[in-house]
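Please read it alongside the model.

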Amino acid sequence: MMRIQRLMELAGTISDPRREYGNLRHNLVTIVIISLCAKICGAEDFEDIEEFGKARKEWLENFLETPNGIPDKDTFRRVFERIDPTELANCLYSWLETAHDCKEKTINIDGKTICGSGNSEHKAYHVVSAWVSENQITLGEIVVDEKSNEIPAIPQLLDLIDVEGAVVTIDAMGCQTGIAEKIIEKNADYCLALKGNQASLHDDVKLYFENIEAEQKKTTKEKGHGRIETREYFLETDIDWLPQKQLWRGISSIGAVKSTIYEKGETCIETRYFISSLTDVDRFADSARKHWSIENQLHWHLDVTFGEDNARMRKDNSPLNWNVLRKTALTLLKNADVGKKQSLKRKMFMAALDISVLEKIVFKK
């Protein structure tokens, strides 16, 4: 039970938006933990959370105080419309990180729009997240200003999280001199994708690899489901010739990844280019490969497993707070050992049916 006690301690640091109303019937910690457990079991709205709470009241009372019973759907709605999403994220992500630490981290940074979150008062929220590919944990997130884009949001996110010793990977939009400088200031390495937004740098790197053999090379091959993919990773650390070198703090190499895919009798070849502070081709290859984790393991599941884009929460802070609950539930489900390998949907269904499965997911029993 120490794990749930730690969560209760962290949840107790969240500012209660209802304080001005005086006497409160339901504790904020209780509301947050019931909501998280309900989300793990597949709850899609506030009514679902209330129904979950009523069905599992006896179990919940083993570690939560419910002197006035289970809160109703309107109580859950009011709280999640007003609670600070940053405080909720800090609470839940800190709890996850203490339980799932790892020595080497690859931190992928990327943004995703919560398509169904827009209303007459604001556009759909666009959230930039920092995702640890090794242990499938969201370290932090920041909401992009409606009148801006991801570029100014990324340094703000880096200021919120601990990236020391990690490799930070970002797609082409984040390939900016200020972002590279921020990563180095935070004592981390970077692997930044190159495209047209850095046209001259991209063209120089592309021209180099098209005409000169790189000093370091690594090749991998994957087979499965009638598809063969060969990846060739090239890394060059002798870059004194690069005209833009002095503009990029910490730059130690340029890289390329050539992917050759053979499927259904057809061959497709794609080459992507990078700048990096790394000097080892194995680490570069690992980082470039793992950047796709934030798309395949986070954003895809938010949409497909949790149906985020079809969610009905649109008012005030509720879309952002549900986004935090989904990410937390996703990590717990991914890291849960419930026997033979199961899909996330299957784990959610099992947790809803069997309280012992839910305990394994929440308590790590």
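## Terms and model

Buried means under 20% relative accessible area, exposed over 50%, partly exposed in between (1.4 Å probe, protein chains only). Helices (H or I, at least four residues) and strands (E, at least two) are DSSP runs, numbered from the N terminus.

This is a predicted model: local features need pLDDT of at least 70, side-chain atom pairs count only at pLDDT 80 or more, and totals for chains, interfaces and linings use all residues. Residues are numbered from 1 along each chain as its sequence is written, and side-chain values use heavy atoms, without hydrogens and water.

## Helix 3

Helix 3 covers residues 46–55, and its buried residues are Phe46, Ile49, Glu50, Phe52 and Gly53. They span an arc of only 160° around the axis, which puts them on the same side of helix 3. The arc is that of the directions from the helix axis to the C-beta atoms.

These buried residues pack against helix 2 (28–40), helix 4 (57–60), helix 5 (73–82), helix 12 (318–335) and helix 14 (355–363). Contact means heavy atoms within 4.5 Å.

## Nonpolar cores

A nonpolar core is a set of buried Ala, Val, Leu, Ile, Met, Phe, Trp, Tyr and Cys residues joined through side-chain atoms within 4.5 Å. The largest has 61 residues; Ile40, Phe52, Leu92 and Ile361 have the most contacts inside it. Helix 2 gives the most to this core, ten residues. Apart from it lies another core of 40 residues, among them Ile109 and Val168.

## Overall fold

The protein has 14 helices and nine strands. Buried residues make up 53% of its 365 residues.
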